[in-house]
Amino acid sequence: MIKAVIFDIGGVLLDFKKDDTLEYVAKSFDISLDDVKKNVYANLDLLQKSEIDEKEYWSRFASLVDRKLPENYKEFWPRQLANAEVSKDMSNLILELRSRNYKIAALSNTISSHAGYLRENFDQKMFDVFALSNEIRMRKPERGILARVAQTASIF
């Protein structure tokens, strides 16, 4: 019997305009968009688990692309949220499931600069558990992360 549903945020509840951000990063570093796409995911897992901060992440990125760290690096990730849109269909689905007494959790691989935005812009009354990778220091698909969220939601 299904007792709970766990929703991702990025790309499910919230649609990011990722290419705009990547193009801005490319312009800031004076590199190609392909070079950004090849290197942007290196070390992202460490950032999403708060093992490194954004300055360290972008410094490592700069080394990978053989460039200096631009002064505007703090603008990169927040820019991703500037044009983000909440899915009304998914929001309505969550409300419908809650009305049927399902436990509802949000679980997202995210970074500290996005966490505040996510907490402010998603009604946490919609969720029994709101788990962000940078806060729990685990990320999908790490073994045990779903069990941890389920335990927190008192599903077991």
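Is Ile136 buried or exposed? With a relative accessibility of 19%, Ile136 counts as buried, where buried means under 20% relative accessible area, exposed means over 50% and partly exposed lies in between, computed with a 1.4 Å probe on protein chains only.

## Basis of the model

This is a predicted model, in which local features need a pLDDT of at least 70 and side-chain atom pairs count only at pLDDT 80 or more, while totals for chains, interfaces and linings use all residues. Residues are numbered from 1 along each chain as its sequence is written, and side-chain values use heavy atoms, with hydrogens and water left out.

The pLDDT, which is the predictor's confidence in each residue on a scale from 0 to 100, averages 91 over the chain, and 97% of the residues score at least 70.

## Surroundings of Ile136

Ile136 belongs to helix H8. Leaving aside residues up to four places away in sequence, Ile136 touches Leu107, Ala131, Ile145 and Arg148, a contact being heavy atoms within 4.5 Å. The C-alpha atoms of Ile136 and Lys49 are separated by 7.3 Å, although these two residues are 87 residues apart along the chain.

## The buried face of H7

In helix H7, which spans residues 112–121, the residues His114, Ala115 and Leu118 are buried. Seen down the axis of H7, its buried residues fall within an arc of 110 degrees, so they line one face of the helix; the arc is that of the directions from the helix axis to the C-beta atoms. The cover over these buried residues includes strand S2 (14–15), H5, strand S5 (129–132) and H8.

## The largest pocket and Gln80

The largest pocket has a volume of about 440 Å³ and is lined by 22 residues, of which Phe16, Lys18, Gln48, Gln80 and Asn109 lie nearest its centre. On a 1 Å grid over the protein atoms alone, a pocket is an open set of points where a 1.4 Å probe fits, with protein on both sides within 12 Å along at least five of seven lines, and lining residues have an atom within 4 Å of a point. Grid points are joined across faces, edges and corners, and the volume is the space filled by probe spheres set on the points. H1, helix H3 (44–48), H5 and H7 each supply at least two residues of the lining.

Gln80 lies in helix H5 (residues 76–82) and is buried, with a relative accessible area of 9%. Beyond residues up to four places away in sequence, Gln80 touches Phe16, Lys17, Lys18, Thr21 and His114.

## Backbone features in loops

Most residues other than glycine have a negative phi, and most peptide bonds are trans. Asp30, in the loop between helix H1 (18–29) and helix H2 (33–39), has a positive phi of about 60 degrees although it is not a glycine, and at 62% relative accessibility Asp30 counts as exposed. Asn101, in the loop between helix H6 (88–99) and strand S4 (103–108), likewise has a positive phi, near 70 degrees, and counts as exposed at 70% relative accessibility.

A cis peptide bond joins Lys140 and Pro141, with omega about 5 degrees, and Pro141 lies in the loop between helix H8 (133–136) and H9.

Definitions and conventions: Helix = DSSP H or I, 4+ residues; strand = E, 2+ residues; numbered from the N terminus.
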